[in-house]
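Biologist: I would like a close look at one part of this model, with the terms spelled out as you go.

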Amino acid sequence: MTIRRLPEATVNRIAAGEVVERPANVVKELTENAIDAGARQIDITIAEGGRALILVSDDGKGMSRDELSLAIERHATSKLADEDLFNITTLGFRGEALPSIGAVARMRIASRPPGAAEGWEIAVTGGTVTPPAPAALGKGTRIEVRDLFYATPARLKFLKSERAEQMAINETVKRLAMAHPEIGLSLSHNGRRNLDLPAEQGELFTARAARLAAIMGREFTDNSTPVNASRDGIALDGLAGLPTYHRGTAQMQFLFVNGRPVRDKLLTGAVRGAYQDFLARDRHPAVVLFLTLPPAEVDVNVHPAKAEVRFRDPGTIRGLIVGGLRHALAETGHRASTTIASAALGAMRAPGGLPPQRGYGAPVTSAAARAAAQA
Ligand SMILES: Nc1ncnc2c1ncn2[C@@H]1O[C@H](COP(=O)(O)OP(=O)(O)OP(=O)(O)O)[C@@H](O)[C@H]1O
Ligand SMILES: [Mg+2]
């Protein structure tokens, strides 16, 4: 056996296997890059479930000619200040997404920073780079990914139906849109507009309420109550579905950590724990929860697609979620068709929980409940 170093293109293709499993992962990486670039509007165009085309345009800070060349290099990132993996404030940090996508597809990146005299474009086809050339575009970045996985036919075979891939893309965009109401987002598939979300104005609570209503629908906002709790510098807010509004799956559970959509066992377990006295075992609540905590308290570098996180103090997080949700549900105890007396729920209130915030367009709790919460 001879040990040898693999060529760069092969290394990137191997990395791509972890970073991009399906078209929705590409959409996620490109949209997250646009969010990190400070975009106010992001437009996404898809053809054939993302297999034929994924096009993401933003009006963010763009890249110069030199930055373009660096952006497609492996482990090149503008985001990891001081190489500190415990102080991550952006969605990206590894410098892996673009080279990985370029290794398995035909990718073109055109970009122009605001105020720059001209734009530049670079192309990567199955890992082969074409040097930058001048490009005509307004400010921002436009990334086009065609023929995804053409360079890795085995991966192509694993793709699901066009419809299934499209649904996964919709889901990904919706999750990111929930966390960033200040950004306008559109998504078109095969020439049809699937999603058109205007940038929401006003302070975060108001903007988020409007965005959640637009994405989740009025039925959810009418059947949910605000959650608002904090402990030790960690804040929890969002909307908790009433126990009467349950589902057969956990599909209506959306969890975010510092603006990053996550699927985390600890968090879903805490949600289940909070609702266990209200719901049958096979029923699932609908929740949208945003956890905000100092970056040093959470490790996001544990999963190739950054979907999972690890908390420094899991006990506090669980306590905050269980307590915060129970407190919010207790406030609505008089409206929920549950057998638990609200007195019993009151006893489970979170220490340090804050009174509910207005502005979600959610049901207003009774004056008595609010007075009790403030007592
Ligand atoms: N839409 C964009 N607008 C401006 N700059 C961008 C955009 N997309 C990528 N970049 C630049 O290219 C770099 C590389 O992007 P890439 O997605 O590969 O890595 P990353 O976002 O730094 O980390 P990760 O691999 O975790 O996503 C970024 O750090 C950023 O500087
Ligand atoms: Mg990125």
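What volume does the largest pocket have, and which elements give two or more residues to its lining?

Modeller: This is a predicted model, in which local features need pLDDT of at least 70 and side-chain atom pairs count only at pLDDT 80 or more, while totals for chains, interfaces and linings use all residues. Residues are numbered from 1 along each chain as its sequence is written, chains are lettered from A and ligands numbered from 1 in the order in which they are written, and side-chain values use heavy atoms, with hydrogens and water left out.

The largest pocket has a volume of about 600 Å³ (on a 1 Å grid over the protein atoms alone, a pocket is an open set of points where a 1.4 Å probe fits, with protein on both sides within 12 Å along at least five of seven lines, and lining residues have an atom within 4 Å of a point; the volume is the space filled by probe spheres set on the points, joined across faces, edges and corners). Of its 29 lining residues, Met63, Ala71, Ser78, Lys79 and Leu98 are the closest to the centre. Two or more lining residues come from each of helix H2 (23-36), S2, helix H3 (65-71), H4 and S6 (helices are DSSP runs of H or I with at least four residues, strands runs of E with at least two, numbered from the N terminus), and H2 gives the largest share, five residues. By class, the lining has 13 nonpolar, seven polar and nine charged residues (Ala, Val, Leu, Ile, Met, Phe, Trp, Tyr, Cys and Pro count as nonpolar, Asp, Glu, Lys and Arg as charged, and the others, Gly among them, as polar).

Two of these elements, S2 (residues 53-58) and S6 (residues 140-146), run antiparallel and are joined by six bridges, with isoleucine 54 opposite valine 145 in S6.

Technical notes
Pairing = 2+ DSSP bridges.
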